[in-house]
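Q: Here's a model I'd like to learn to read feature by feature. Could you walk me through it?

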Amino acid sequence: VQLQASGGGLVQPGGSLRLSCAASGRIFSIGNMAWYRQAPGKQRELVAAITSGGSSHYADSLKGRFTISRDNAKNTVDLQMNSLRPEDTAVYYCNAVVNWGPFWGQGTLVTVSS
């Protein structure tokens with residue numbers, strides 16, 4: 001099983017980016033899916049999570065700017081990020097419980113800078 005994240009890049013403050021993560025391999029079940037991020041010199045933190053039924057949870061500081069979604073048919077989870085700020089600069093990692101075990105994607109760098 002692999003998680004492949006994509007969509008990172010350089011964006012100006014106030015801009016938007018959409019991250020995508022696809023699970024592949026021998027998949028029987030996918031439970032919760034989530035996005036985490038790790039800024040330079042900081043610990044990895046939860047950004048948002050979504051259950052297989054579509055219930056979502058966000059870090060308090062990100063509510064209203066970020067939206068997590070998933071497509072169970074395609075085994076994907078997306079993160080729409082709006083009104084980006086320099087402090088959102090980080091490596092973003094997708095995470096998923098696949099076949100009852102946790103898996104991580106390779107991380108995608110998001111840089112918010114003018």
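Q: How many bridges join β7 to β8, and how do the two strands run?
A: Strands here are DSSP runs of E at least two residues long, numbered from the N terminus, and two of them pair if DSSP finds at least two bridges between them. In this case β7 and β8 (residues 76-81) run antiparallel, with 6 bridges joining them. To pick one out, look at Thr 67, whose bridge partner in β8 is Gln 80. Bear in mind that this is a predicted model, where local features need pLDDT of at least 70, side-chain atom pairs count only at pLDDT 80 or more, and totals for chains, interfaces and linings use all residues. Residues are numbered from 1 along each chain as its sequence is written, and side-chain values use heavy atoms, leaving out hydrogens and water.

Q: What strand order does the open sheet of 4 strands have?
A: The order is β1-β3-β8-β7, with antiparallel pairing. The edges are taken by β1 (2-6) and β7 (66-71); each has a single partner strand, so one side of each is left without a neighbour in the sheet. From one strand to the next, the twist averages 15°, an angle between N-to-C directions on a 0 to 180 degrees scale, using axes fitted as lines to C-alpha atoms.

Q: Which cysteines does the disulfide join?
A: The criterion is a pair of cysteine sulfur atoms within 2.5 Å. The structure holds 1 such link, between Cys 21 and Cys 94, with S to S at 2.1 Å. It's right-handed, with 55° about the S-S bond. Distant parts of the chain are linked this way: Cys 21 sits in β3 (residues 17-24) and Cys 94 in β9 (residues 90-98), 73 residues apart.

Q: Are Cys 21 and Cys 94 buried or exposed?
A: Buried means under 20% relative accessible area, exposed over 50%, and partly exposed in between, with a 1.4 Å probe and protein chains only. Both Cys 21 and Cys 94 are buried. Across the protein, buried residues make up 41% of the 114.

Q: What about the whole chain: how many helices and strands are there?
A: The count is 0 helices and 11 strands. For overall size, take the radius of gyration over C-alpha atoms and compare it with the globule rule, 2.2 Å times the number of residues to the power 0.38. Here the radius is 13 Å, close to the 13 Å from the rule for 114 residues, so the protein is as compact as a globular protein of that length. The C-alpha trace spans about 45 × 25 × 25 Å along its principal axes.
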